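Work through the exercises below with the sequence and the model side by side. Each task is followed by a solution that goes step by step.

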Amino acid sequence: MTRRTRWLPACLLLTLSACSTGPEFDRIGMQNTLHQRLDLASERQSKDPAEIHPLPADPFRLGVYFVQTEFPSRESIRSAEWLSAEKDRLVQGLAQLRDDRIAREIVVLAEPTVRRLTRQELRQAAARYGVDVLLLVDGVGAVHRRNNAYALLYPTLLGAWLAPGTVIDALFLIDGMLWDLRTETTPVRQSAEGQALRTGAVIMVEDTDALNEAKALAIDAFGRSVADRVRSLLRGRDAAIPLR
């Protein structure tokens with residue numbers, strides 16, 4: 001038995017033991033991380049029924065701030081890095097509010113504007129941009145890598161490059177809070193998620209590609225849900241106003 005054939009059975013057993021049936025994401029842990037980070041201290045919630053829908057009646061200037069908060073890295077949860085293209089993608093998803101004349105303008109707050117996620121700093125940053133309503137956006141992701149039957153070919157010369165034996169499942173969660181700075185209320189808190197799957201050879205397939213795809217799907221879903229929620233609030237407010 002040659003040296004190569006001696007280690008081949010051990011590699012096959014290791015590959016088989018790595019095979020799994022599907023991802024096991026720590027959704028609860030991811031959601032808890034988002035809720036703890038995106039939490040404005042001493043939030044004022046409307047108690048008066050007349051203030052249940054406190055968004056401005058006139059078209060307002062909407063600001064969007066993407067949270068960049070570092071936290072102790074865990075293998076199961078990854079912090080978000082917001083790229084310019086992803087920010088633009090969300091603004092496009094919110095453009096329906098501008099088309100409906102609910103928001104007169106949508107602006108993205110620059111990252112250095114806010115060093116800490118405090119009410120005072122956020123309020124000061126929003127004032128510099130002339131923002132009436134601020135949308136805070138935070139997100140975390142997770143990746144689960146597993147093997148399928150094609151991974152049995154990995155010990156061969158070309159298997160690691162050609163055999164589609166690696167499956168990558170990616171999940172990305174977004175949590176967002178709409179803060180009306182004029183009434184000091186948070187009328188909307190919305191969440192969304194995206195999930196993607198990539199299959200390929202172990203050398204060729206990347207976790208980042210799957211995670212970015214999941215993030216893009218989450219951004220699209222989040223933009224739609226926020227726009228729909230705001231329109232619903234305004235319809236409810238208008239319906240609650242008595243005719244004179």
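Phe66 is buried, and Trp82 is buried as well, where buried means under 20% relative accessible area, exposed over 50% and partly exposed in between, with a 1.4 Å probe and protein chains only. The model is a predicted one, in which local features need pLDDT of at least 70 and side-chain atom pairs count only at pLDDT 80 or more, while totals for chains, interfaces and linings use all residues. Residues are numbered from 1 along each chain as its sequence is written, and side-chain values use heavy atoms, with hydrogens and water left out.

**Exercise 1.** Describe the aromatic pairs and where their members lie.

*Solution.* Begin with the rule: rings of Phe, Tyr and Trp (its six-membered ring) pair if their centres lie within 6.5 Å, and planes under 30 degrees apart count as stacked, over 60 as edge-to-face and the rest as tilted. By this rule there are two aromatic pairs. Phe66 and Trp82 form a tilted pair, at 5.1 Å centre to centre with 55 degrees between the planes. Because Phe66 lies in strand 1 (residues 60-66) and Trp82 in the loop between strand 2 (78-79) and helix 3 (84-93), this pair ties together parts that are 16 residues apart in sequence; helices (H or I, at least four residues) and strands (E, at least two) are DSSP runs, numbered from the N terminus.

Next, Trp82 and Phe172 form an edge-to-face pair, at 5.9 Å centre to centre with 85 degrees between the planes. Here distant parts of the chain are linked, since Phe172 belongs to strand 5 and is 90 residues apart from Trp82. Phe172 is buried, as is Trp82. Taken together, Phe66, Trp82 and Phe172 form one aromatic cluster.

**Exercise 2.** Which residue lies over the face of Trp82?

*Solution.* The criterion is that NZ of Lys or CZ of Arg is within 6 Å of the ring centre and within 35 degrees of the ring normal. Lys215 lies over the face of Trp82, at 5.7 Å from the ring centre.
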